[in-house]
Amino acid sequence: IQELGPTFIKLGQVLSTRGDVFPATYIQALESLQDDVKPLPFSDIDGQLSRELGVDWRDRFSSFNETPLATASIAQVHRATMHDGLEVVLKVQRPGIGPRIRADLGVLRLLASRAMAEFPEIELFDPRGILQEFEKSILAELDFTAETRNLQRFQNNFSDSKDVVFPSPVEPLSTGRVLCMEYLDGVRIRRAREAGFDMERLGRRYLDVAYSMLFDHGFFHGDLHPGNVL
């Protein structure tokens, strides 16, 4: 899946949450796609930051860690420290990923058409509809300015809850292909049990947040896989 590229990695992330469909060994392997994709050479990240923030982008920080904190299908994340001491992360979009994803989506549409021609019974699962939603979602993720607005909206929606935290974006250092936001430390939810957390309390809180998004706010996180929840 990694060799096939970003679109298929994203699809693999979706599949990694389907323990009801795949055996545990498959799920364990697919989970690595959530935040442990093969990193890009830092020269590629440097070029993207120079294009988006200017060739003097390093002057904006007191320190910048060239070793990625996490790597995923669309972006790579690096930690940095602002001159005022604020710990931040920069989510940097992989260069040239937009055309690559659009080409991959064309391949997926072809595969879906062929699969339905060979196996008409899979029409019951509405593969065209699934692919349309996947395409809409992944193309929207290419615009980091939308993600900045979404972060601010989530913060506003949960402003009365001390138990739910979304990172604040740093707007002067955010563009359509770079998102700078405050660094939040924590344990990924799939590691919570072994770290000793109260799983019943955690489960109730997780569902309360999800249902609040769906039924109260009408604005919900569309990618709540375990790599995105601390």
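Mentor: Helices (H or I, at least four residues) and strands (E, at least two) are DSSP runs, numbered from the N terminus. This is a predicted model, where local features need pLDDT of at least 70, side-chain atom pairs count only at pLDDT 80 or more, and totals for chains, interfaces and linings use all residues. Residues are numbered from 1 along each chain as its sequence is written, and side-chain values use heavy atoms, with hydrogens and water left out.

Trainee: At what angle do the axes of α4 and α5 cross?
Mentor: At roughly 175 degrees, with the axes coming within 10 Å. Angles under 35 degrees count as roughly parallel, over 145 as roughly antiparallel, 65 to 115 as roughly perpendicular and the rest as oblique. α4 and α5 are therefore roughly antiparallel to each other.

Trainee: Which residues of α4 and α5 make the contact?
Mentor: Contact means heavy atoms within 4.5 Å. On the α4 side they include Ile101, Leu105 and Met116, and α5 brings Leu131, Phe134 and Ile138 among others. The residues of that contact divide into ten nonpolar, no polar and four charged.

Trainee: How many of the ten residues of α1 are buried?
Mentor: Seven, so α1 is largely enclosed by the rest of the structure. Buried means under 20% relative accessible area, exposed over 50%, partly exposed in between (1.4 Å probe, protein chains only). The buried residues of α1 pack against α2 (24-31), α4 and α5.

Trainee: Is aspartate 104 buried or exposed?
Mentor: Aspartate 104 counts as buried, at 8% relative accessibility. Skipping neighbours within four places in sequence, aspartate 104 is in contact with Leu4, Pro6, Thr7 and Phe8.

Trainee: Where does leucine 4 lie, then?
Mentor: In the segment before α1 (6-15). Leucine 4 counts as partly exposed at 46% relative accessibility. Not counting residues up to four places away in sequence, leucine 4 touches Arg100 and Asp104.

Trainee: Switching topic: which residues have the most contacts inside the largest nonpolar core?
Mentor: Ile74, Ile101 and Phe166, in a core of 26 residues. A nonpolar core is a set of buried Ala, Val, Leu, Ile, Met, Phe, Trp, Tyr and Cys residues joined through side-chain atoms within 4.5 Å. α4 gives the most to this core, with five residues. Apart from it lies another core, of 16 residues, with Trp57 and Phe61 among them.

Trainee: Last one: where is confidence lowest?
Mentor: In α1, at a mean pLDDT of 83, while strand β1 (residues 61-64) is highest at 98. pLDDT is the predictor's confidence in each residue, from 0 to 100. The protein averages 90, and 99% of the residues score at least 70.

Methods. Axes are lines fitted to C-alpha atoms, for helices over the stretch in contact, and angles run from 0 to 180 degrees between N-to-C directions. Ala, Val, Leu, Ile, Met, Phe, Trp, Tyr, Cys and Pro count as nonpolar, Asp, Glu, Lys and Arg as charged, and the others, Gly among them, as polar.
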